[in-house]
Amino acid sequence: MDAIPYLAGASALLGLLLAGFFFNNVKAASPGDERMTFLMTEIQKGARAFLKKEYSWVSVFVVIMAILIAALIAPAAAVTYIVGAVLSALAGYVGMTVATMANARTTEAAKDGPARALPIAFRGGAVMGFSVAGLALLGLMAVYVVFVLALEVDDAFEVVTAYGLGASSIALFSRVGGGIYTKAADVGADLVGKVEAGIPEDDPRNPATIADNVGDNVGDVAGMGADLFESYAGSILAPISLVAFALGLGAEHASATTNISLLSFPMAIALAGMVASIIGSFLVKGGSSTDTKALSRALHMGTNVAMGLTVVATLGIAAWLFGDNDAFDNPMGLAISVIGGLLVGWALGKTAEYYTSDHFGPVKKIAGQTETGPATTILGGVSAGMVSVAASVGLLAIGVGVAYWGGEMAFDSIGALDGGIYGIAVAAIGMLATTGVVVSVDAYGPIADNAGGIAEMAELDPSVREVTDALDSLGNTTAAVAKGFAVGSAALTALALFKSFEFAVAQAGGSLSLNVGEVEVFIGLFLGAMLPFLFAALTIDAVGRAAQEMIEEVRRQFREIPGLREGQAGVNPDSARCVAISTAASLKEMLVPGALAVVVPLVLGFISVNTLGGFLAGALVAGFCLAIFMANAGGAWDNAKKYIETGAHGGKGSECHKAAVVGDTVGDPFKDTSGPAMNILIKVMTIVSLVFASAFVG
């Protein structure tokens, strides 16, 4: 039992070694001809330049926060905060590096069909997946071993929790900044290129094409990686902090074995999930068909096997840690909580797939609504997104109920720790135990998207684009599935962190009331429900402003560069100017929404912890619903457009296609900027409140 943190750390190292193996595997593949290599290099340069600037801007925020934490909490907490931030940034950078290397190699492999292209795109994504999971778990175990086991510092678990806040800080800015960048370029490229100029997506004549492809990497790879890093670390931290803060309110009377078992259980599940993900990653193999159902089966084989192995391991771990301890009535209860979380995460992903895949009714219905123009197309996407919220909330309610029941079955209470709440906390790690392979499948999408862009810009045979389009269409769905896992775990993690916040306030000598009949709680509830909408408005506005600048620049180049629109030989667009516009706009626009998530809970906490409690509750509910709505509506519009591009409803260039492009343009910031940032928003606000709880009361 004492060895679990060390074994979990060792499994993280194994994951990082696998990432290194896949990196070399991808690197060994051919990047194609000179034109393809040039395009790959341009995308790499743009992505590196953006991340370098973004991280230099965010580092200022990190330093300010570290000083604040050192002054109000403890110097050791400032150290772990910085460790979390640095590792999160590193995971994003590693993922971006390999994704920009795998794109041209996937295009080259697509010349021989999906059997060769799919594994390269997946392994490029797997470098990201196992870098995220490996660095997050290794960093957390190192912090736990050093500050809790070795140094036994005062308020050790406040110090450990600060690691999660560091990861959250990077994730928030990476998601918002990267999301604004990618969608400004995407919207500009689509509206001027496909709608006004009537040229194909990723056409080499379009000046915004390179910026669009850079955006896929900084938003959907680096931003998504930092997001899942934070989600994964937070899901392990939530039950650990819950137990730790409960120890100070009576659970210290339980036996040392009981307390260690409760602390070790989430680490042991993470260990099992890492090993299962490593095994599952070797089972992804492409076939000869470009049918997305066949590709989906091949791609999800690794995820399904990893989930199955994790379920079996969870049953064994629960029996081992809790079976011989009289404090626990039925150890299998906690296994039920974890497995319930895993299955609900999978079900949330499948719900997202139903609402965003062109194999099902909702997307086909939206495609049909393009017959009557952009207005009905947009209405169709909005209603599909809203209906998906009902299904997802229903699933989450079932998951919370099962997890609570499982926890109660295991034990009623140990000191201040309620068995049901602990069950909910470990359900979150169940959802994200297989993060390594889940992120691998998600990061595969932007690589496939870039591969299609390079095929178009390099003017390769249409059969290559056919293969990359099939891979890309599946990538939209896998991204929606991963977002389902992320937002579901965010809700459960935030709930567990919220309970930890309540314990931390009590430990510091204060009290927290959530009685909505009290005016300060009621005010907080409404402020919390409002903030996700304000955050979404700010980020969508930011995309709109940046896209406007991009549209004007693309129009100017078509107007002022002779022969560009006609595609005359030797006439090239000024892509660097478009990259610079997206970079400058996204960095400037990310500051206000990013700062809101930290500043508002700090201000409210110093005014009234009851108002802050109501605020966190309101933000959690509204943020979850808004995240699901935006992600699924955006994914549905995108795949409705892709469905029409396969020849349905008149195909490319038709009036239906133009209406679908407008819908997709509205959906772009929904699914790739505002929606994905919601789950980070609700966790950042909760973890800020938890870390500063003692300062609020003091």
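Is Phe22 buried or exposed, and what is its relative accessible area?

Modeller: This is a predicted model, in which local features need pLDDT of at least 70, side-chain atom pairs count only at pLDDT 80 or more, and totals for chains, interfaces and linings use all residues. Residues are numbered from 1 along each chain as its sequence is written, and side-chain values use heavy atoms, with hydrogens and water left out. Phe22 is buried, with a relative accessible area of 0%; buried means under 20% relative accessible area, exposed over 50%, and partly exposed in between, for a 1.4 Å probe and protein chains only. Phe21, at 43% relative accessibility, is partly exposed.

Rings of Phe, Tyr and Trp (its six-membered ring) pair if their centres lie within 6.5 Å; planes under 30 degrees apart count as stacked, over 60 as edge-to-face and the rest as tilted. The ring centres of Phe21 and Phe22 lie 5.7 Å apart with planes at 50°, so this pair is tilted. The pair of Phe498 and Phe501 is also tilted, because its planes stand at 50°, with centres 6.4 Å apart. Phe498 and Phe501 are three residues apart in helix H14 (residues 462–507), and therefore about one helical turn separates them. Helices are DSSP runs (H or I, at least four residues), numbered from the N terminus. Phe498 is buried at 11% relative accessible area, and Phe501 is buried at 0%. Elsewhere, ring pairs join Phe265, Phe322, Phe328, Phe411 and Tyr422 into a cluster.

Note on methods
Helices (H or I, at least four residues) and strands (E, at least two) are DSSP runs, numbered from the N terminus.
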